[in-house]
Amino acid sequence: MAGFSGGVHPRGCKNLVPDGVGICPEPEKVYVPLSQHIGAPAVPVVQAGERVLRGQLVAKKAEGLSANIYSPVAGTVKEIVGHITAKGKKLPHILIENDHTDESIFLPPLAEITQESVLSRIEEAGIVGMGGAGFPTAAKLNVNGRADVLVVNAAECEPYITCDNAVMLCYTAEFLAGVRHCMTACGARRAVIGIEKNKPEAIACLSSAVSGNISVKPLRTRYPQGAEKQLIRSCTGRTVPEGKLPVDAGVVVVNVHTAFSVYRAVEENLPCYERIVTVSGRAAERPQNLWVKYGTRFRGIAQYCGGREVCARIVSGGPMMGEAVFSLKECATKTVSCLLFLDETECETKISSTCIGCGKCVQACPMGLSPVFIDAAVLRKDYAEAKRCGASQCIGCGCCSYVCPANRYLVQSVKLAKKIIGERKI
Amino acid sequence: MAEIANYKVASSPHKTSEVTTRRIMLDVLIALVPCLICGVVFYGLYALLLVVISVAVCFASEQIFNLVRKKPFTFDLSAVVTGVILGLNLPPRAPWYLPLIGGVFAIVVVKMLFGGLGKNFANPAAAARVFLLLAYSSLMARYIAVDVPGNALSADIITAPTYLTDGIKAFSGSFLGVSGYWGYVLQLLFGMVGGSIGETCKIAVLAGGVYLTARRVIDWRIPVVYVLTSAVMVLACYGSASEILLQLLSGGLLFGVVFMATDYATSPKWRYNRILYAIGLGVITVLIRRYSSYPEGVSLAILIMNLVVPVMDKYILPVRFGQVTEKGKPVPHIMQWGMRGACIAMALALAVAVPLVALQPVEYQYILGSSVDASGDYVVDIGGTFRIGDWDQERAYTVTIDSETMRVSDIVPVKENSYGYVAELSLFIGKTRHEIAIMSGGDLSTDAETSATVTNTALRGMLIECFDYVKNEMEGGNNG
């Protein structure tokens, strides 16, 4: 039985969000970050005072790993300013003042659909991995035929998030077309769409729509089913060796929304400047899935969805791996799939106590690490021992901290160990 | 709209499970309640008093230790759990100071001196029980018979036998209308025998175990594999299929399996290490019961395996997802498959060997004939040929075994030939099977000549067989 050992089963909380996708109102000012992806920040190609249209290139990809950035609104470029990002650093953003004319410009239509043309269109449209990692998709799909299977990550194992589910239900045909284009781009012979069983509508909907070499694989509802290596094991039975990439096992993984964006770029000639974001949590008055333009500040989303005063924590991403938002000035980017407004009952601040040695973290770790021993090693600064216990293979899923009855900061310890092992080359 | 202002920042994960240390300890306490109720019903309120003293002492000594060490008080209920388990491990008529001494030893010496909750390397309750067993061995044997209506708060001591020390004389003839072997099994299952307060009623223990497993407080692997290994070991060491159920259901085995072997701090963390640990526990328990002079091996086995746990945890690490060797090959899952294979092999061995052993007609080497005398005692004629002093010599005796005490009451020599090596009959008279079986070469040497020892050893072997024969006759079956 293919699958991964460990994992946890947090409550889904996915029914807070109604069906359908709304549209977030365009803000007066958008702060378009130049770095929304892994790799070098894009290089601005517009000057202050220049008028740009919706869908116009405002920053060009730098050398190496990078991605193009397009304007989400029509308006005037005010300046290139430093603005805070989720990491806490001030990084350059392009400030565009919206003139609400909504004049738009499209990419030139593709003459023919070939592997090269689709790949170059994906690169041109600035598509990156929209599940959260933000790896430029063109670089990922350009595998020179080394992959025979395309795995579509529709697991959406994090609680609350439903944006991929919304794409699959509302844009079924478009999503499947996007999957085919991704297959063309990477040269895969078949595609497997892995969906957790807690989304029966999406499974039913896609099962009736797929044909040929695309198949739907219902997966056990188990966090982190959507983690890349675990998903590949569940969908294809293959194991990606440590320190290797999925393509070494002949697999390429793309996210649902990425495939959908590929469809929009290839067939609708729309570059990547907006995405569907799940807004949820008990402190949000109107939880919903929204089309959000990149550069919209979180305050705008909070106002549209009615963030309540009881909000105790704002999380960008899912509750298991998402980052806490420290300022509503932060902006939506290509990788923000979810914005959670959690109240006190949903994110209790717990005080850590003594380890009772129950070993629940060892059973829960999907990577087969021993968080309890890594934590102990980190606390006595023995990083060699932490590495021996496998700290450098941590995927940061947080299962260990989730299950710990003593509320110990396990994943935090392991991530710290991983960082220090990497920096000091232990 | 009210502005969101009062939000905080924290590292992911932002959601955690509801399970807390105190909730886990509370679950263990809930699981212990049936055992406690049965203990009180069977052995009277004095048993409850012992448990209460034990809990109070454990809790108080932990807080006093905290006070002395200037640490915050701890209210995680773990001391209460230790107290209840230790109390339930005491014999029903232990003097009141045993739980006091045991509680202080368990909490202060075994737990707090090593760093408190989660840091102790040995199970506090098991260590305290073994300590009391060594220090107060006669007091720790104050087992009484179950007397449901009669004993309120009396501390009267009418010592009753247990199966492990005295064999089947611990049982009454029939129970719930079932007599013979299955009657004994039912008596053990319902706890109608002598034993420690909490461990006699197996149904209550099993109910607690099922609750803990269902609540996912304990890992089912430890109890299941422990019991499986013990069954195989009993079959191998005793060579008897009927002995399996009697051994598994007697003494503290099930109680230890559910509540003491699964202790968090002192059991391994990885699930396959836990299987290895449980196999070790089963093997050591049965070896101690069979071949040492202690009738009860569970606590000792748990302590011994506790010492191995840190080494197992350190050197047998889980195989990581996609882990590769230096040559780039996937690391083989030796522990996973090894442990699974061992469990399947043991289960298969049981499934095959039990019917084979049970169906095999019992063959006796030395039994010549037997009769039951007027008082119900067994008179057995035994005899055989042994090589004594370089000659094959015949020996035959008539042995009387008291059917109530299961002791040798008389041995009459029938055939002892003239070379003078006569067995020392006084060595054996008045002894039980267990006492005879554990006699060593030194005990059997009554003469400067080795031939006397050989003669005594031959008689010992015949007597053991004689006991097995009588036991089998009393169980009324041919079930090995």
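This is a predicted model: local features need pLDDT of at least 70, side-chain atom pairs count only at pLDDT 80 or more; totals for chains, interfaces and linings use all residues.

User: Which residues touch the most other members of the largest nonpolar core?

Analyst: A:C182 is one of them, along with A:L150, A:V151, A:V152, A:A259, A:V277 and A:I374. That core has 250 residues. Its largest share, ten residues, comes from helix α1 (residues 21-43) of chain B. Apart from this core lies another one of 21 residues, including B:Y378, B:V380, B:I411 and B:A458. As general background, nonpolar side chains in soluble globular proteins tend to be buried together.

User: Why is A:A227 called buried?

Analyst: Count the neighbours. A:A227 has 25 other C-beta atoms within 10 Å, and the label needs 20 or more, so A:A227 is buried.

User: Where is A:A227 found, and what is A:A227 in contact with beyond its sequence neighbours?

Analyst: A:A227 is in the loop between β11 (214-219) and α6 (228-236) of chain A. Leaving out neighbours within four places in sequence, its contacts are A:P366, A:I395 and A:C397. As for A:G307, 80 residues separate it from A:A227 in sequence, and the two C-alpha atoms are 30 Å apart.

User: Why is helix α3 of chain A described as largely enclosed by the rest of the structure?

Analyst: Because seven of the eight residues of α3 (residues 163-170) of chain A are buried. The buried ones are A:C163, A:D164, A:N165, A:A166, A:V167, A:M168 and A:L169.

User: What makes the crossing of α4(A) and α5(A) right-handed or left-handed?

Analyst: Look at how the near helix is turned relative to the far one: clockwise counts as right-handed. The crossing of α4(A) and α5(A) is right-handed, so the near helix is turned clockwise from the far one. α4 (residues 172-186) and α5 (residues 200-209) of chain A pack at about 65°, and their axes are 11 Å apart. On α4(A) the contact uses A:T172, A:A173 and A:L176, and on α5(A) it uses A:C205, A:L206 and A:A209.

User: How do the residues of that α4(A) and α5(A) contact divide by class?

Analyst: Five are nonpolar, one is polar and none is charged.

User: How many residues of chain B are in contact with chain A?

Analyst: 35 residues of chain B, and they meet 58 residues of chain A. The chain B side has 19 nonpolar, eleven polar and five charged residues.

User: How are the two chains divided into domains?

Analyst: In chain B, domain 1 is 21-321 + 329-352 and domain 2 is 367-475, with their C-alpha centres 37 Å apart. Chain A has domain 1 (22-106 + 271-342), domain 2 (115-267) and domain 3 (360-424). The C-alpha centres of domains 1 and 3 of chain A are 33 Å apart.

User: What share of chain B counts as buried?

Analyst: 46% of its 480 residues.

Key
Residues are numbered from 1 along each chain as its sequence is written. Chains are lettered from A and ligands numbered from 1 in the order in which they are written. Axes are lines fitted to C-alpha atoms, for helices over the stretch in contact, and angles run from 0 to 180 degrees between N-to-C directions. Helices (H or I, at least four residues) and strands (E, at least two) are DSSP runs, numbered from the N terminus. Two residues are in contact if their C-beta atoms, placed from the backbone, lie within 7 Å. Ala, Val, Leu, Ile, Met, Phe, Trp, Tyr, Cys and Pro count as nonpolar, Asp, Glu, Lys and Arg as charged, and the others, Gly among them, as polar. Domain bounds come from an automatic or database domain assignment. A nonpolar core is a set of buried Ala, Val, Leu, Ile, Met, Phe, Trp, Tyr and Cys residues joined through C-beta atoms within 7 Å. A residue is buried if 20 or more other C-beta atoms lie within 10 Å of its own, exposed if 12 or fewer, and partly exposed in between; C-beta atoms are placed from the backbone.
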